[in-house]
Amino acid sequence: MKLFYYQRGDHQPNFGDELNPWLWPKLRPDLFSQDEQDSADSTVFVGTGTLLNDRLPERVGANSRLIVFSTGAGYEQPLKQIPDRWQICCVRGPLSARQLGLPPEKAITDGGILIARVFAPSGSRQGCSFMPHIHSAAPAAESWQRICLQANIRYIDPRWPIEEVLQAIGTSELLLAEAMHGAIAADALRVPWMPVVTTPRIYPFKWQDWCASMNVPYRPYRLPPLADYPRWGRGIRSGLVAAQHWIGATVESGLSTTQYALLENPALIAQSLLRISQKHSYLSDDKTFEARLENLQTRLAQLH
């Protein structure tokens with residue numbers, strides 16, 4: 001069986017996508033081909049990622065047998081129909097199930113919570129960490145590192161190796177997460193988390209889908225984009241989503257977004273991160289978490 005997952009065109013690794021080749025072979029080493037060039041098994045496994053859209057048949061091959069396991073719908077255009085050779089074991093959440101016309105029982109949660117079965121961080125938990133989305137980290141990692149240093153908050157880069165990210169999350173007392181799979185990993189490791197949005201490019205549908213699957217709300221805290229984000233990443237364009245983000249960021253952060261866009265002030269952003277870290281955090285309750293974990297494990301064990 002072969003793994004399919006999103007790989008960025010710029011070849012930068014991204015935590016949520018790179019979970020796939022790290023996680024699934026650990027859970028079911030018997031299922032996955034050790035040789036990526038092995039064409040004897042044409043079955044394709046699609047795991048974590050927001051990949052269920054009209055482009056997926058083309059990307060995996062129209063005649064491939066496909067196993068969909070905890071994947072999310074979104075981006076591009078919705079799938080018009082599910083090909084006959086696809087086996088939908090489960091999807092990320094109820095919004096994905098509804099978009100695809102699947103029965104509610106197909107919605108479990110994102111497979112990333114299975115991290116709980118294969119990784120245990122070493123060391124005690126200390127302090128708060130911040131993990132941006134890859135689209136925020138790629139152009140502005142150095143700026144975020146400086147801001148986090150001023151706020152005495154640990155910076156976690158989504159491009160780091162998987163176990164380095166997991167160790168950093170697992171030894172935090174709280175994770176401020178713009179990267180959704182950062183929050184998923186935190187929930188898996190039972191670390192409280194808070195959603196933070198720094199750009200209108202963040203896609204709320206996938207967050208809402210996963211949060212609904214875990215019975216937690218999605219109420220992100222917003223900050224203005226950094227000056228070194230590309231123009232489209234800062235929302236400098238017309239559009240309701242961009243306008244809502246900037247207005248919300250002004251209200252929630254107490255910053256003047258006009259001033260901030262012209263004169264970047266890391267100290268103000270650091271203060272805002274600190275304020276956010278003192279607000280209400282989230283963590284799925286133990287009963288819900290264990291039920292989702294057990295359900296995923298059972299369905300994964302049934303694959304052959």
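Two strands count as paired if DSSP finds at least two bridges between them. Strands here are DSSP runs of E with at least two residues, and helices are runs of H or I with at least four, both numbered from the N terminus. The structure is a predicted model, where local features need pLDDT of at least 70 and side-chain atom pairs count only at pLDDT 80 or more, while totals for chains, interfaces and linings use all residues. Residues are numbered from 1 along each chain as its sequence is written, and side-chain values use heavy atoms, with hydrogens and water left out.

Now for the overall picture. The protein chain holds 11 helices and 10 strands. It has 304 residues, and 54% of them count as buried (under 20% relative accessible area, with exposed being over 50% and partly exposed in between; 1.4 Å probe, protein chains only). Looking at contacts (heavy atoms within 4.5 Å) with a separation of 6 or more, 66% are between residues 24 or more positions apart.

Let's zoom in on strand β8, residues 174–177. What covers its two neighbouring sides in the pairing? Strand β6 (residues 128–131) runs parallel to β8, with four bridges between them, and Cys128 sits opposite Leu174 of β8. Strand β9 (residues 193–197) also pairs with β8 in the parallel sense, this time over three bridges; here Ala177 stands opposite Pro195 in β9. The faces of β8 are covered too: Leu174 and Leu176 are buried on one side, Leu175 and Ala177 on the other.

Getting from β8 to β9 involves helix α6 (residues 180–188), and the three make a right-handed β-α-β unit. Right-handed means that, with the strands pointing away from the viewer, the path from the first strand over the helix to the second runs clockwise.
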